[in-house]
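User: I am new to this structure and would like to learn how its features are read. Could you take me through them in turn?

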Amino acid sequence: MARLIRCLFAVVAISVTLLAMAWPLAAAENSGLPLPRFVSLRSDEVNLRTGPGVRYPVDWIYSRRDLPVEVIAEFETWRKIRDWQGSEGWVHQSMLWPRRMVVVTGQQRRLRAEPDDKAVPLALVDPNVTGRLLSCPRGKEYCRVEINNIQGWLKRDEFWGVYQSEYIE
């Protein structure tokens, strides 16, 4: 009888462990949208929390509307995000929107008139400046962006906010 109880206990323990491992995966699919994905901040003030809920402490406050972030996990109405500097935390879904934005990385970049290294520069763009992502043609190294009402082309490796193999028409 004791052996039967130990076997039942082991089966229950394994079942609970498997359910605990599968539960975050099921929760991650509650929006039906792919993970990871890029979105942007909807407000000038967004609380980044240490966990998915208001009972978790605020770790950081973003004060930059339209900053691109990457959604890397979901739990109910909460989204775990990563910013371009690698910081991660949880925000409420209402603080995000699907508008695709970019942030210029590295050094000052040339916004070009055409998707070519020899194209005329339209503007010099400083690091950390944000802009709107307009398109990333399939198989091309350049993407079309709008920064401060100027539309032009930047190389994919000059900004953060698009995946290397992603295309946006």
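Analyst: Asp66 is found in the loop between E3 and strand E4, the latter spanning 68–75. Please note that this is a predicted model. The backbone of Asp66 has a positive phi of about 75°, although Asp66 is not a glycine.

User: Is Asp66 buried or exposed?

Analyst: Asp66 counts as buried, because its relative accessibility of 12% falls under the 20% cut-off. Across the chain of 169 residues, 36% count as buried.

User: Where does Met95 sit, and which residues does Met95 contact?

Analyst: Met95 has its place in the loop between strand E6 (88–92) and strand E7 (96–97). Leaving aside neighbours within four places in sequence, Met95 is in contact with Ser40, Leu41, Arg42, Ser43, Glu45 and Val46. Met95 and Ser40 are 55 residues apart along the chain, while their C-alpha atoms are separated by 8.6 Å. For the chain as a whole, take the contacts between residues at least 6 apart in sequence: 54% of these join residues at least 24 apart.

User: How many helices and strands does the chain have?

Analyst: The secondary structure comes to one helix and 14 strands. Helix H1 covers 2–28, and the loop between H1 and strand E1 (37–41) holds Pro36. The peptide bond from Leu35 to Pro36 is cis, with omega near -10°.

User: How do the strands pair, taking E11 as an example?

Analyst: E8 and E11 run antiparallel and are joined by three bridges. Val102 stands opposite Gly131 in E11. On the E12 side, three bridges again join E11 to E12, and these two strands run antiparallel. Leu133 has Val145 in E12 as its bridge partner. E11 and E12 form a hairpin with six residues between them, and Gly139 in the turn has a positive phi of about 75°.

User: Which cysteines form a disulfide here?

Analyst: In general terms, a disulfide is a covalent bond between the sulfur atoms of two cysteines. This structure holds one disulfide. Cys136 and Cys143 form the link, with their sulfur atoms 2.0 Å apart. The link is right-handed, with 115° about the S-S bond. Both Cys136 and Cys143 are buried.

User: What can be said of Ser135?

Analyst: Ser135 lies in strand E11, which covers residues 130–135. Ser135 is buried, because its relative accessible area of 14% is under the 20% cut-off. Beyond its neighbours within four places in sequence, Ser135 is in contact with Cys143, Arg144, Trp153, Ile168 and Glu169.

User: How is a nonpolar core read?

Analyst: In soluble globular proteins, nonpolar side chains tend to be buried together. Here the largest nonpolar core has 13 residues, and those with the most contacts inside it are Leu133, Val145, Leu154, Phe159 and Val162. Strand E8 (101–104) and strand E12 (142–147) are the elements that give two or more residues to this core. E12 gives the most, with three residues. A second, separate core of eleven residues includes Val39, Leu41, Tyr62 and Leu67.

User: Which residues lie nearest the centre of the largest pocket?

Analyst: The largest pocket is lined by 13 residues, and those nearest its centre are Trp60, Tyr62, Leu67, Asp83 and Gln85. Strand E3 (residues 58–62) gives the most to the lining, with four residues. The space in this pocket is about 230 Å³.

Notes. Residues are numbered from 1 along each chain as its sequence is written. This is a predicted model: local features need pLDDT of at least 70, side-chain atom pairs count only at pLDDT 80 or more; totals for chains, interfaces and linings use all residues. Side-chain values use heavy atoms; hydrogens and water are left out. Buried means under 20% relative accessible area, exposed over 50%, partly exposed in between (1.4 Å probe, protein chains only). Contact means heavy atoms within 4.5 Å. A disulfide is a pair of cysteine sulfur atoms within 2.5 Å. A nonpolar core is a set of buried Ala, Val, Leu, Ile, Met, Phe, Trp, Tyr and Cys residues joined through side-chain atoms within 4.5 Å. Two strands pair if DSSP finds at least two bridges between them. On a 1 Å grid over the protein atoms alone, a cavity is a set of points where a 1.4 Å probe fits but cannot get out, and a pocket is an open set with protein on both sides within 12 Å along at least five of seven lines; lining residues have an atom within 4 Å of a point. Grid points are joined across faces, edges and corners, and a volume is the space filled by probe spheres set on the points.
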